[in-house]
Amino acid sequence: MAYWNSRGLRGNNLEELINLTNETYLKNNLAVIQKIPTSIKPVEFDKSKGVIKLAYFEQKSTVDYMGNVQGIPICFDAKETTKKNLPISNIHAHQIEFMENFTKQKGVAFIIVYFHMIEECYLIPFEDLKFFWQRAKKGGKKSISYKECNSNFRIFNYKGIFIHYLETLNKYLMYQQKKKGENLG
């Protein structure tokens, strides 16, 4: 923990660190999570160099990652910001719609946000994200401050895993179970 807190991500891309984390999870039989590629249609191709020179997105992407954690389907998106808040404009309507439909099918949806300025990473569950999204759409605050993130869902590193989100996801799932139990009683 101390290394990450003192040195930060140092320019490492959040998605790269999540990809490394997912490889570790797979090797340890903890989860199978895949990066969802964004579908592109090449328009101009340089055959001599074997590279695409011009392309466009075929369709809107949904989320960055999908998979299964010991029988629990999950999907999430990775977001980074250089500020102390995440602009709602970084989250798209089709992503909210996809996550909402995913949770209706008993999946767990969330975003992972890294705030570069304070060098902290959080898991924001879909129901919180939806609240922030609706608040902005109704004319309220147009961003999510790191101070609004649930401190219980802060993501720490653990034994060399910089984005150890499964530990935080487990905290969230336990919180949900407790909440359901209170609603039944």
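Let us start with the sheet: six strands form an open sheet in the order β1-β4-β5-β7-β8-β10, and their pairing is mixed. At its edges lie β1 and β10 (154-155), each of which pairs on one side only. Please keep in mind that this is a predicted model.

**Walking across the sheet**

Strand β1 (residues 32-35) runs antiparallel to strand β4 (residues 65-69), and four bridges join the two. Within this pair, Ile33 has Gly67 of β4 as its bridge partner. Next, β4 is joined to strand β5 (residues 72-81) by five bridges, and this pair is antiparallel too. Here Met66 stands opposite Cys75 in β5. The hairpin of β4 and β5 has two residues between the strands, and in this hairpin Gln70 takes a positive phi near 45°.

The bridge partner of Tyr122 in β10 is Arg154. Helix α2 packs on the sheet, where it touches β1, β4, β5, β7 and β8, and its direction makes about 155° with that of β5. Helix α3 packs on the sheet as well, touching β4, β5 and β7, with its direction at about 155° to that of β5.

**Two helices that meet**

The axes of α3 (residues 93-104) and helix α4 (residues 126-137) come within 11 Å and cross at roughly 145°. The crossing of α3 past α4 is left-handed. From α3, the contact uses Ala93, Ile96, Met99, Glu100 and Thr103, while α4 brings Phe126, Leu129, Lys130 and Trp133. Sorted by class, the residues of this contact are six nonpolar, one polar and two charged.

**Inside the cores**

Which residues have the most contacts inside the largest nonpolar core? They are Ile112 and Tyr165, in a core of 25 residues. At least two residues of this core come from each of α2 (14-27), β4, β5, β7 (108-115), β8 (120-125) and α5 (165-184). Once neighbours within four places in sequence are set aside, the contacts of Tyr165 include Ile18 and Tyr25, as well as Ile33, Phe76, Ile112, Leu123 and Ile155. There is also a second, separate core, which has 23 residues, among them Phe102, Ala109, Ile124 and Phe126. Phe126 also belongs to the α4 side of the helix contact described above.

**Some residues in loops**

| Residue | Phi | Loop | Relative accessible area |
|---|---|---|---|
| Lys159 | about 45° | between β10 and α5 | 73% |

Lys159 counts as exposed for a like reason, with a relative accessible area of 73%.

One more loop is worth a visit. Pro37 is found between β1 and β2 (40-46). With a relative accessibility of 67%, Pro37 counts as exposed. Pro37 and Tyr65 are 28 residues apart in sequence, and their C-alpha atoms are 8.9 Å apart in space.

Conventions: Residues are numbered from 1 along each chain as its sequence is written. This is a predicted model: local features need pLDDT of at least 70, side-chain atom pairs count only at pLDDT 80 or more; totals for chains, interfaces and linings use all residues. Side-chain values use heavy atoms; hydrogens and water are left out. Axes are lines fitted to C-alpha atoms, for helices over the stretch in contact, and angles run from 0 to 180 degrees between N-to-C directions. A crossing is left-handed if the near helix is turned anticlockwise from the far one by less than a right angle, and right-handed if clockwise. Contact means heavy atoms within 4.5 Å. Ala, Val, Leu, Ile, Met, Phe, Trp, Tyr, Cys and Pro count as nonpolar, Asp, Glu, Lys and Arg as charged, and the others, Gly among them, as polar. Two strands pair if DSSP finds at least two bridges between them. A nonpolar core is a set of buried Ala, Val, Leu, Ile, Met, Phe, Trp, Tyr and Cys residues joined through side-chain atoms within 4.5 Å. Buried means under 20% relative accessible area, exposed over 50%, partly exposed in between (1.4 Å probe, protein chains only).
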